[in-house]
Amino acid sequence: MAKDSSAAKARPMRARILERLATPTTAAALSRELDTSRQKVGYHLRELEQQGLVELVEERRKGNVVERLVKASSRAYLVSAEALASLAPDPAAAVDRFSSAYLIAVAARSVREVATLRERAQQAGKTLPTFSLQADVRFANAKARHAFAEELADTVGRLVARYHDERVEGGRHYRLFLGVHPAAAPEKESPE
């Protein structure tokens with residue numbers, strides 16, 4: 001997984017090129033498929049290669065021309081929390097812990113840290129121990145939602161107090177976060 005594709009995500013053409021480069025192709029073929037000039041495609045490909053998002057597969061000669069076959073260097077990309085700027089400030093600096101900005105900041109930090117640790121574990125041939133819990137809950141009203149939040153915070157606080165141990169030698173810190181947000185409604189299928 002590439003660590004940061006913010007520059008690519010910020011440019012629709014580069015995002016389109018990366019999407020197409022799931023399979024190897026040439027700048028000329030990309031130019032035809034994206035209906036844009038070869039010079040423009042070549043420029044974006046060079047930038048993507050410099051960022052490590054595109055890699056050379058092979059070079060092949062066609063007459064007097066050498067064609068470069070390239071592909072995306074990863075099947076998934078992660079936008080860093082820093083790239084989200086105002087949407088994902090430093091969680092430690094957040095004032096309103098009930099705001100969506102705080103939730104995004106905490107979630108973004110978690111994604112960044114897990115991605116980094118996962119990469120290190122893969123390089124070491126180890127498995128990264130994680131635990132995920134996901135549930136859907138439908139509250140009758142705001143009062144029920146508030147009561148749920150209070151009870152959840154109390155329960156988690158008790159669990160953390162019971163298992164947290166600063167004294168044991170060789171212990172390892174784990175980060176736990178819980179976030180609750182309204183579920184997004186499924187997108188309607190467009191009529192054929």
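A crossing is left-handed if the near helix is turned anticlockwise from the far one by less than a right angle, and right-handed if clockwise. That convention will be needed at the second stop of this tour. The model is a predicted one, in which local features need pLDDT of at least 70 and side-chain atom pairs count only at pLDDT 80 or more, while totals for chains, interfaces and linings use all residues. Residues are numbered from 1 along each chain as its sequence is written, and side-chain values use heavy atoms, with hydrogens and water left out.

Next, select residues 27-34 and 38-50, which are helices α3 and α4; they pack at an angle of about 115°, with their axes 9 Å apart. Axes here are lines fitted to C-alpha atoms, for helices over the stretch in contact, and angles run from 0 to 180 degrees between N-to-C directions. The crossing of α3 past α4 is right-handed. Show side chains, and Ala27, Ala28, Leu30 and Ser31 of α3 will be seen to meet Arg38, Val41 and Leu45 of α4, contact meaning heavy atoms within 4.5 Å.

Then move to the loop between α3 and α4 and select Asp35. Its phi is near 55°, a positive value in a residue other than glycine, and Asp35 counts as exposed because its relative accessibility is 72%.

For a contrast, select Glu67 in strand β3 (residues 65-72). Glu67 counts as buried because its relative accessibility is 11%; leaving aside neighbours within four places in sequence, Glu67 is in contact with Thr26, Ala28, Glu58, Glu59, Arg60 and Lys62.

Finish at helix α5, residues 100-123, whose 24 residues reach 35 Å from first C-alpha to last, close to the 34 Å expected at 1.5 Å a residue; the expected span is 1.5 Å times one less than the number of residues. At the start of α5, a side-chain oxygen of Ser99 comes to within 3.2 Å of the backbone nitrogen of Tyr102. Tyr102 is also one of the buried residues of α5, which include Ala105, Val106 and Ala108. Just after α5, select Gly125, which takes a positive phi of about 70°.

Definitions and conventions: Helix = DSSP H or I, 4+ residues; strand = E, 2+ residues; numbered from the N terminus. Buried < 20%, exposed > 50% of the residue type's maximum accessible area, 1.4 Å probe, protein only. Polar contact = N/O pair within 3.5 Å; in protein donor to acceptor, adjacent residues only side chain to side chain.
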